[in-house]
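Biologist: I am new to reading structures. Can we go through pockets, helices and buried residues in turn?

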Amino acid sequence: MMATSSLTSSTLTIIPQKPTIKLTKSSFHGLRIACTNPNSSLLRIQAQPTSSSVVMMSKKEEELKEIRTKSNEEINDEIQQLKGELFMLRLQRSARENFKPSDFGRLRKRVARMLTVKREREIEQGIGKRLSRKLDKEWKRSIILKPPPSLLKLQEEKATAEAEKA
């Protein structure tokens, strides 16, 4: 505990200081309490040992491993399919049909992960940023638009329903 001393005419008195607590905003939902006195017994939290020693891998890491096993052509094909799915979601939203709003973020993140892996491979090959963007433009121009798998599935369902009616 810190103490201050003040010298009066003939006596020495020691006045103990209370530890000061500073509240600051943090990135998580709540307040971070920073105590200036490290010896203070305020808020001592001990970590609980986990019962199992197995650590689960996050979904993101599993998905990245899966993406890294694919070739560049497979990644490009999947990016095209995902962008088509995003387009279909935008159409569903504009038509006020039932859809999950969380699918937008999920699909965009998947596309971003694929593009990240693609760019990592370009960096390994020594391709600079300018050349990479030039190659991306050429790749986008060469894309032949195909309907997304969800639209093909809807068309097949309609065709089978019409065949059953006839």
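Modeller: Begin with the second largest pocket of this predicted model. To read a pocket, ask who lines it. Here 13 residues do, and Glu85, Leu89, Gln92, Ser150 and Leu154 lie nearest its centre.

Biologist: Which helices each supply at least two residues of that lining?

Modeller: Helix 2, helix 3 and helix 5 do.

Biologist: How many residues of each class are in the lining of the second largest pocket?

Modeller: Count them by class. There are 5 nonpolar, 2 polar and 6 charged residues. The space in this pocket is about 220 Å³.

Biologist: What is the volume of the largest pocket?

Modeller: Its volume is about 320 Å³. The lining has 17 residues, and the closest to the centre are Gln80, Gln81, Gly84, Leu145 and Lys146.

Biologist: Where does the largest share of that lining come from?

Modeller: From helix 2, with 7 residues. Helix 4 and helix 5 (149-165) also supply at least two residues each. By class, the largest pocket is lined by 11 nonpolar, 3 polar and 3 charged residues.

Biologist: Now helices. What span is expected for helix 3, and what does it reach?

Modeller: Helix 3 covers residues 102-125, which is 24 residues. At 1.5 Å a residue, 34 Å is expected. From first C-alpha to last, helix 3 reaches 35 Å, close to that value.

Biologist: What comes just after helix 3?

Modeller: Gly126. Its phi is positive, about 85°.

Biologist: Take Val111 in helix 3. Why does Val111 count as buried?

Modeller: Use the cut-off. Buried means under 20% relative accessible area. Val111 has 8% relative accessibility, so Val111 counts as buried.

Biologist: Which residues does Val111 contact, leaving aside neighbours within four places in sequence?

Modeller: Ile79, Leu82 and Lys83. Take Val111 and Glu78: they are 33 residues apart along the chain, yet their C-alpha atoms are separated by 8.4 Å.

Conventions. Residues are numbered from 1 along each chain as its sequence is written. This is a predicted model: local features need pLDDT of at least 70, side-chain atom pairs count only at pLDDT 80 or more; totals for chains, interfaces and linings use all residues. Side-chain values use heavy atoms; hydrogens and water are left out. Helices (H or I, at least four residues) and strands (E, at least two) are DSSP runs, numbered from the N terminus. The expected span of a helix is 1.5 Å times one less than its number of residues. On a 1 Å grid over the protein atoms alone, a cavity is a set of points where a 1.4 Å probe fits but cannot get out, and a pocket is an open set with protein on both sides within 12 Å along at least five of seven lines; lining residues have an atom within 4 Å of a point. Grid points are joined across faces, edges and corners, and a volume is the space filled by probe spheres set on the points. Ala, Val, Leu, Ile, Met, Phe, Trp, Tyr, Cys and Pro count as nonpolar, Asp, Glu, Lys and Arg as charged, and the others, Gly among them, as polar. Buried means under 20% relative accessible area, exposed over 50%, partly exposed in between (1.4 Å probe, protein chains only). Contact means heavy atoms within 4.5 Å.
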